[in-house]
Amino acid sequence: MAKWKPTPYADMFDRVRPSERFKILSLDPFVAQGRLAMAYRYFAGPVAGRFFRELRDHRRIMGIRCRTCGTVYVPPPSVCGQCFEIPTEWVEVAPRGILESYTCANYSLPVHPVSTPVIYGLVRLDGADTNLIHLLGEVDPHALRSGLEVEAVFKEERQGNILDIHYFRPLDEA
Amino acid sequence: MGDRVAIMGVGQTDHRYMRPDVNHEEMIHEAVRLALEDAGLTIRDIDTVIFDNMDLFEGHYLADAMTVDGAGMYLKPGLKMNTGGTSGGTAVATGWQHVASGLFETALVVGWQKQDASPSIGSLVTAREPLYDRELAAGAVGIFATMGLQYMQETGCREEHAALARVIMADNARKNPHAHLKLEITVEDVLASRVLVWPVRLLHMSPTSCGACALVLGSEARARKGPKTPVWIRDLETAHREVSVFRGGCVEPRPQVSAIEVAAGRLYRRNGITDPAGQIDVWELYTPSSWALFHWMELFGICEKGQAWRLVEKEAIRLDGPIPIEPSGGVVSTNPIGASGVIRVAEAALQIRKEAGERQVAKDVKTAVATAWGAGSWIVMFYLTREA
Amino acid sequence: MSDEPLEIVIPMDLRFKWSAGPHLGHFLRELREGNIVANRCPECGRLQLPPTPVCGRCHVAMGTDWVPLSTKGTVISYSFVVDPMYDAGIGDMRPVPYTIAAIVLDGGPDVAFFHRLEEKDPEKVRVGMRVEAVFRPPGKRQGLMEDIIHFRTID
Ligand SMILES: [Zn+2]
Ligand SMILES: [Zn+2]
């Protein structure tokens with residue numbers, strides 16, 4: 001494997017270059033629009049890193065168990081907040097589970113991965129003790145109910161982030 | 001004033017240019033765990049957590065919320081501080097006030113920064129007024145350039161003296177296992193390094209570092225039960241200057257008013273300090289550039305105006321000298337900004353405990369001053385002692 | 001499975017509206033006309049540049065005692081920016097080299113004005129040198145600091 005290198009800043013800047021620094025919106029009162037164009041990098045760390053690599057490379061959803069309180073967290077945290085323990089026991093959970101709750105946003109912003117309606121589900125995967133929030137798809141928002149069985153639909157092209165799961169869809173209606 | 005406050009525990013990461021191996025929370029957790037171990041406490045013994053970083057550097061608003069578990073804040077009361085370069089100092093000051101008030105017996109202070117997330121200069125320039133001088137600002141480097149130039153013009157100081165100050169700090173940093181830059185450099189190396197903003201050269205400036213530092217503060221009753229010798233934060237002082245001087249690039253026609261001088265004057269008067277150089281055994285000044293050192297030494301009253309470069313020339317600031325400054329290697333060797341103010345206090349505490357290893361100063365350290373500086377005009381300073 | 005660090009790059013181009021307020025706003029509108037003005041503290045008489053709403057030393061409102069300053073002045077400190085640095089206002093590296101200077105304008109002894117010098121030769125810049133603001137032509141001025149291109153050396 002070639003040695004890993006971080007993305008150079010120069011490549012990152014190309015993604016954020018604005019066309020103008022200031023635009024004067026009003027002279028009196030004096031109001032100007034300015035820019036703050038920055039590119040950031042974030043390192044997932046070993047725990048989130050493994051979670052996303054498993055999604056990307058194996059379509060596996062992994063949780064982690066805290067030995068002290070026994071909680072299986074999905075997604076996995078680096079530290080169990082209530083016990084202040086570093087969990088180390090990885091467990092694979094099922095790519096399906098129960099819809100605990102849901103909502104539907106009838107507006108969308110540029111940061112949203114899909115256009116309206118944006119349907120969110122809170123999913124308790126089989127084997128997990130915590131809920132995962134994700135998108136629901138292939139579903140009529142009016143037909144949703146808590147307790148519905150749902151399963152993960154993975155994207156064909158996966159990049160190592162939470163959207164490698166395209167969405168969750170109801171099992172029966174698939 | 002309520003209770004006396006002691007430092008019970010100290011923990012810090014090894015500070016590095018990049019930490020791609022961990023995320024924010026994991027890096028913070030390393031320091032928190034070490035500080036608790038050092039204090040002989042568990043997270044259950046901590047009454048409140050004071051947390052600091054500067055969000056813009058990681059591009060991560062609410063970084064405190066995202067790192068609650070690792071920082072040990074889960075369901076605990078606490079505050080997040082963000083006051084620029086002084087953030088770490090402000091966090092320690094806030095922790096101190098929480099314990100001194102008698103409301104909390106213990107406080108965990110956590111400062112950190114992960115500067116591998118962005119080019120920090122982009123964030124730093126936003127510390128400037130957007131319409132008046134952001135497009136002229138040269139970040140922090142420009143401030144030290146104007147300071148250095150002014151100092152050379154008004155005293156006999158030459159570029160070699162600032163370079164020697166940098167070499168002394170590097171010599172200390174090589175003895176500090178946590179330091180980021182452990183450079184083996186000479187005065188000639190510094191003078192040959194690339195000019196950033198003249199007379200500030202690359203080697204005069206603090207690096208961009210990743211790291212975290214945590215302190216456990218406790219009331220007198222708690223601190224006396226701890227496994228380590230308590231180090232007392234006897235007093236602290238802060239002062240802020242009006243921002244317009246900053247807009248003017250930290251240069252104003254004489255006479256200048258310095259927040260450092262005002263803060264130091266108040267703290268010294270309250271504590272009967274009439275001869276700072278004689279009464280303070282070690283100094284951890286927040287010196288982001290070796291060019292700032294001369295100003296700091298004079299404003300903190302370590303020597304007369306215009307004389308600091310002579311003390312540096314005599315190498316009086318070395319670990320075995322009469323006025324040891326920056327035994328840790330200082331901010332020019334290690335600068336995870338949000339942690340830097342906490343590290344200054346941590347180092348002063350380690351020096352008083354005589355746990356500073358190879359970088360322990362030769363003097364018998366009974367007193368120390370640690371500071372945090374930022375935004376061209378803000379100062380937080382601490383007076384630490386071995387005796388209660 | 002590879003265990004290289006998982007890096008996520010997050011580009012942000014945020015837009016902010018800045019209200020300059022009556023004091024800095026007046027200064028910027030005057031700058032657009034080719035004038036540099038400061039305001040004077042009614043208590044201590046000190047000038048503020050850029051104009052501010054409050055005198056930090058006296059804690060009193062600065063009011064509107066506007067003092068026009070000369071566009072000529074004297075350099076009290078300077079520096080040379082030679083290392084390119086990232087500028088979040090343009091999302092790119094800022095062109096170098098350029099010379100920055102603190103200039104005391106004639107008629108405003110209390111305050112330094114911070115701007116660029118045309119002179120880039122380190123041998124030719126010195127404290128005490130006389131300089132003059134070079135403005136963009138009237139139609140090209142917007143009410144921004146860059147309405148002044150730089151300060152040129154005069155003798
Ligand atoms: Zn647990
Ligand atoms: Zn006044």
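B:Arg201 pairs with B:Glu159 in a salt bridge, with 3.1 Å between the closest N and O atoms; the term covers a side-chain nitrogen of Lys or Arg within 4 Å of a carboxyl oxygen of Asp or Glu. The pair ties together parts 42 residues apart in sequence, since B:Arg201 lies in strand S6 (residues 200-201) of chain B and B:Glu159 in helix H8 (residues 159-173) of chain B. Helices (H or I, at least four residues) and strands (E, at least two) are DSSP runs, numbered from the N terminus. B:Arg201 and B:Glu159 are both buried; buried means under 20% relative accessible area, exposed over 50%, and partly exposed in between (1.4 Å probe, protein chains only).

Some ground rules before the rest. This is a predicted model, where local features need pLDDT of at least 70 and side-chain atom pairs count only at pLDDT 80 or more, while totals for chains, interfaces and linings use all residues. Residues are numbered from 1 along each chain as its sequence is written, chains are lettered from A and ligands numbered from 1 in the order in which they are written, and side-chain values use heavy atoms, with hydrogens and water left out.

- Over all chains, the structure holds 49 salt bridges.
- B:Asp38 and B:Lys228 form one of them, with their closest N and O atoms 2.5 Å apart.
- That pair links distant parts of the chain, 190 residues apart: B:Asp38 sits in helix H1 (residues 24-39) of chain B, and B:Lys228 in the loop between helix H10 (220-225) and strand S8 (231-240) of chain B.
- B:Asp38 is buried, at 13% relative accessible area, whereas B:Lys228 is partly exposed at 26%.
- B:Arg174 bridges to B:Asp171, where the closest N and O atoms are 3.1 Å apart.
- Here B:Arg174 is partly exposed, at 32% relative accessibility, and B:Asp171 is buried, at 16%.
- Shared partners join B:Asp171, B:Arg174, B:Glu184, B:Glu315 and B:Arg318 into one salt-bridge network.

**Zinc on chain A**

- The zinc ion (ligand 1) is held by A:Cys66 (SG), A:Cys69 (SG), A:Cys80 (SG) and A:Cys83 (SG), at 2.3 Å.
- Donors here are N, O and S atoms within 2.8 Å of the metal (3.2 Å for Na, K and Ca); water is not among the atoms, so sites may look incomplete.
- The arrangement is tetrahedral because the four donor atoms subtend angles of 103 to 114°; the label asks that all angles among four donors lie between 85 and 135 degrees.
- Along the sequence, the donor residues of the zinc ion (ligand 1) follow C-x2-C-x10-C-x2-C.
- A:Cys66 lies in the loop between strand S3 (61-65) and strand S4 (72-73) of chain A and A:Cys80 in the loop between S4 and strand S5 (89-93) of chain A, so the pair ties together parts 14 residues apart in sequence.
- A:Cys66 is buried at 1% relative accessibility, and A:Cys80 is buried at 0%.

**Zinc on chain C**

- The protein donors of the zinc ion (ligand 2) are C:Cys41 (SG), C:Cys44 (SG), C:Cys55 (SG) and C:Cys58 (SG), lying 2.3 Å from it.
- Angles of 102 to 117° among the four donor atoms go with a tetrahedral site for the zinc ion (ligand 2).
- The spacing of the donor residues of the zinc ion (ligand 2) reads C-x2-C-x10-C-x2-C.
- C:Cys44 is partly exposed at 40% relative accessibility, as is C:Cys58 at 22%.

**Nonpolar cores**

- The largest nonpolar core has 146 residues, and B:Phe300, B:Leu384 and C:Phe27 have the most contacts inside it.
- A nonpolar core is a set of buried Ala, Val, Leu, Ile, Met, Phe, Trp, Tyr and Cys residues joined through side-chain atoms within 4.5 Å.
- Helix H16 (residues 337-353) of chain B gives the most to this core, 10 residues.

**Where chains A and B meet**

- In this pairing, 28 residues of chain A are in contact with 37 residues of chain B, contact being heavy atoms within 4.5 Å.
- Chains A and B bury about 2500 Å² between them, 66% of it on carbon and sulfur atoms; buried area is the accessible area (1.4 Å probe) that two parts lose on being put together, summed over both.
- On the chain A side, A:Tyr40, A:Phe43 and A:Phe84 lose the most area to chain B, together 28% of what that side buries.
- Between chain A and chain B the count of salt bridges is zero.

Key. Four donors count as tetrahedral if all angles lie between 85 and 135 degrees; four count as square planar and six as octahedral if opposite donors are over 155 degrees apart and all others between 65 and 115; anything else is irregular.
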